[in-house]
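Thanks for coming, everyone. I'll keep this brisk. Have a look at the structure first, and then we'll walk through it.

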Amino acid sequence: MTAVTDREKLAYIAAKAADARVNVELETEGMILNMGPQHPATHGTLRIVARLDGEQVIAAEPIAGYMHRGYEKLTEVRTYPQITALVNRIDWLGSFANEVPFILASEQLMGIEAPLRAQWIRTLLFEMSRVANLILFLGDMGVQLGAVTPAFYAFRDREFVLDQIEAVTGGRFHPNFDRIGGLKDDLPKGWLAETKNVMVKVRRFCDEIEDLFMNGEIFAARTRGIGVIPADVAMQYGMSGANARASGIDWDLRRDAPFGFVYPELDWKVWTHPDGDSFARFWVRLQEVRESTKMIDQICDGVPGGPIMAKVPRIIKVPAGEAYVATENPLGEMGFYIVSKGDLTPFRVKIRSASFNNVSITPWLLRGVYVPDIITILASLYFILGDIDR
Amino acid sequence: MTQLHPILGLELAYWQETVIRVLLGLVALLLLTGGVVYLYLFKFVSFMQSRLGPMEAGPYGSMQLLAEVGKWLQKEDIFTEDSDKFIFGIAPAVVLASTFLMFVVIPAGPNAVVADLGTGIYFVLAMSSLSVIGILMAGWASANKYALMGALRAGGQLIAYELPLVLAVVGVVISAGSLNLQDIVAAQATGEIFGWSGIGNPYILTQIVGFTIFLIAVQAELTQTPFDMPIAESELVAGYQVEYTGIRFLVYFIAEFATAVAFAAIASTLFLGGWQLPTSWGLGTGTMHVVGPMVISLKAILLVGVVFWVRFSLPRFREDQLQKLAWKVLIPLALANIVVTGVAKVVF
């Protein structure tokens with residue numbers, strides 16, 4: 001510590017006073033920039049109102065709700081089997097993953113467990129929807145940073161994954177395939193071998209993205225140290241999924257609460273990154289895609305025979321009670337809290353979707369950054385509007 | 001005042017000759033621009049991105065540009081309510097005029113130049129910076145925050161990158177001992193590399209640093225990725241172009257790609273030998289009247305390819321990083337290049 005003399009103190013105070021006077025005399029009005037609801041950077045209809053000083057953000061506020069479809073209320077007038085068709089429109093890039101927590105919660109209330117083969121295939125499709133979802137993130141990050149080419153590679157290789165999902169479920173985007181007590185159908189013949197080929201392509205895509213894009217200096221300059229979320233702040237805002245893991249929080253529901261899945265039987269790893277910046281979030285998701293392809297390979301080799309549907313009554317009435325099941329979806333923790341009064345329809349359903357919490361941090365995170373960084377940060381937080389508004 | 005035309009042997013008045021030169025220049029400019037747009041923006045990029053690009057209009061989509069122009073011409077010419085109508089209307093013309101003026105002094109053959117000015121290269125660079133005014137006019141008159149931010153970014157960026165552009169050229173000017181583009185071309189064609197005159201002495205060999213700085217600065221002047229902050233479509237939507245539609249947008253489009261061609265032609269004139277083939281190859285002036293325009297077109301098209309290759313490979317910088325690159329890296333490097341070139345010129 002250097003000693004501060006009175007003279008230096010006085011000089012400091014005088015300088016501050018002079019600054020303050022200049023600020024009062026030359027006070028300029030900030031500009032309010034409205035991004036959205038229609039804006040290429042917001043993946044849908046998120047609106048960000050930012051108060052700017054030049055290019056610097058003083059305050060930013062996200063406004064959601066332009067795409068609210070009222071799914072929580074709609075579930076109250078639909079029978080349990082009908083609800084999967086609704087909920088797989090929440091995160092439309094990884095639709096199958098939305099059905100699973102709802103089905104698992106319903107199964108928990110009914111006391112049914114899906115047969116082993118159904119659990120394996122469920123895990124398989126769950127991971128495939130994660131791959132389909134995160135591939136698009138990897139490409140889209142390029143678009144947001146100004147490099148258009150990775151997005152085309154992403155769309156090219158995601159198509160192979162979607163083809164495989166379509167071959168099983170009949171729907172590229174909205175499979176509606178999960179049932180209480182199992183799955184709608186079994187796998188088609190020869191599907192497992194083809195899936196392993198597709199996973200080779202996905203791994204090649206990951207290498208491509210890493211070589212062409214992530215290892216570039218401009219990418220590092222744009223993302224390293226931008227939008228740093230310390231672990232404690234991430235916890236306070238309830239962030240989950242890759243966003244939390246990129247802040248160094250070692251928390252993955254696939255490993256920590258694998259109820260209804262076969263994750264404990266697979267050889268895989270939860271990746272975390274200590275930095276918590278945009279680069280870390282991109283890196284963690286890239287590694288996650290690679291882990292998922294590994295898991296899918298293992299499942300393709302190890303899926304057991306047997307029935308794919310448990311004994312379930314023809315008309316499904318869920319006994320009275322409450323259940324909450326959360327799973328590690330592509331965007332983060334997604335949970336369904338179901339209250340049943342023993343009817344054909346649920347009494348109340350609360351959907352905890354990951355993007356809502358992940359985006360809630362933006363007012364804290366966007367303070368003081370530059371306008372281009374808003375885009376980087378929003379892209380790296382990775383939200384789907386359907387997952388915010390439901 | 002009449003003079004005998006050197007190629008055609010016709011007796012033409014000065015104004016007749018000038019009109020012919022300007023018209024031929026315009027045709028060459030638009031043809032080259034159209035060719036570049038089709039070749040790179042439509043096809044080359046599509047193949048990079050694992051898609052086919054336009055395939056329906058004409059064989060392999062070669063008439064696509066005409067279809068696009070036809071579409072733009074049909075669009076309504078929208079003026080937003082709060083815009084400054086007059087300024088908003090003429091801003092694209094200012095940008096396009098700056099592009100056209102650049103072509104005035106670029107030589108494409110022994111006599112194929114609209115005006116052979118003594119200070120040719122600085123005329124080009126001065127005219128190219130006129131476009132900033134048009135862009136600032138557009139951004140301010142649009143009465144749109146995105147447009148204003150884009151225009152201000154463009155202003156800061158174009159002024160910052162003028163300097164490395166000019167300084168990179170100084171090395172060539174020192175080597176050639178002239179500002180006239182024809183003299184610079186001649187100096188490269190007749191030059192020797194340690195007594196060997198097989199390929200002349202294109203300045204890319206001695207001025208490789210200047211060439212690299214010039215290309216980077218051109219990328220920024222053209223506001224192409226990685227320096228496309230002013231039009232950054234994912235954040236500022238389209239910057240100063242956001243309120244433009246129809247024919248006025250078309251004018252911006254033509255200006256953008258014509259400027260790319262112009263800068264590529266200048267770069268090939270300064271660093272790659274221009275229209276001239278090495279004199280040791282023994283081609284006469286008569287032949288070069290025909291071959292010269294082809295030579296420089298080919299070189300320019302190849303250099304535009306480099307611009308597009310970079311554009312579709314890299315992400316973009318942030319505004320402050322872009323300024324840092326200009327002021328802390330490119331300008332010192334260009335100054336060092338001038339010093340080294342000057343010393344080398346005296347020593348050798």
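Which residues does Ile135(A) touch, not counting residues up to four places away in sequence? They are Ala154(A), Asp157(A), Arg158(A), Val161(A), Val202(A), Phe205(A) and Val289(A). Touching here means that two C-beta atoms, placed from the backbone, lie within 7 Å.

Some ground rules. This is a predicted model: local features need pLDDT of at least 70, side-chain atom pairs count only at pLDDT 80 or more, and totals for chains, interfaces and linings use all residues. Residues are numbered from 1 along each chain as its sequence is written, and chains are lettered from A and ligands numbered from 1 in the order in which they are written.

Now the core. The largest nonpolar core has 106 residues. Ile135(A) is among those that touch the most other members, along with Leu125(A), Val161(A), Val202(A) and Ile374(A). Helix α5 of chain A, residues 116–145, gives the largest share of this core, 16 residues. Another core lies apart from it, with 98 residues, including Val37(B) and Ile135(B). By nonpolar core I mean a set of buried Ala, Val, Leu, Ile, Met, Phe, Trp, Tyr and Cys residues joined through C-beta atoms within 7 Å. A residue is buried with 20 or more other C-beta atoms within 10 Å of its own, exposed with 12 or fewer, and partly exposed in between. Helices (H or I, at least four residues) and strands (E, at least two) are DSSP runs, numbered from the N terminus.

Next, helix α4 of chain A, residues 95–110. Of its 16 residues, 15 are buried. From first C-alpha to last, α4(A) reaches 24 Å, close to the 22 Å expected at 1.5 Å a residue. That expected span is 1.5 Å times one less than the number of residues. Just after α4(A), Gly111(A) takes a positive phi of about 70°.

On to the strands. Chain A has an open sheet of 3 strands, in the order β1-β2-β3, with antiparallel pairing. β1 (31–35) and β3 stand at the edges with a single partner strand each, so one side of each has no neighbour in the sheet. Strands pair if DSSP finds at least two bridges between them. β2(A), residues 47–53, and β3(A), residues 56–63, share 7 bridges. Arg51(A) stands opposite Ala59(A), and Asp53(A) has Gln56(A) as its bridge partner. In the hairpin, with 2 residues between the strands, Gly54(A) takes a positive phi near 70°.

There is a second hairpin. β6(A) joins β7(A) through 2 residues, and these strands pair in the antiparallel sense over 9 bridges. Ala326(A) stands opposite Gly335(A) in β7(A). Arg352(A), in strand β8, touches Ala326(A), Met334(A) and Gly335(A), not counting residues up to four places away in sequence. Is Arg352(A) buried or partly exposed? Partly exposed, because Arg352(A) has 18 C-beta neighbours inside 10 Å.

Now a loop. Ile315(A) sits between α12 and β6 of chain A. Ile315(A) is exposed, because 9 other C-beta atoms lie within 10 Å. Pro81(A) is 234 residues away in sequence, and 9.5 Å away in space, C-alpha to C-alpha.

Last, where the chains meet. The contact takes 23 residues from chain B and 25 residues from chain A. On the chain B side, helix α11, residues 319–347, gives the largest share, 3 residues.
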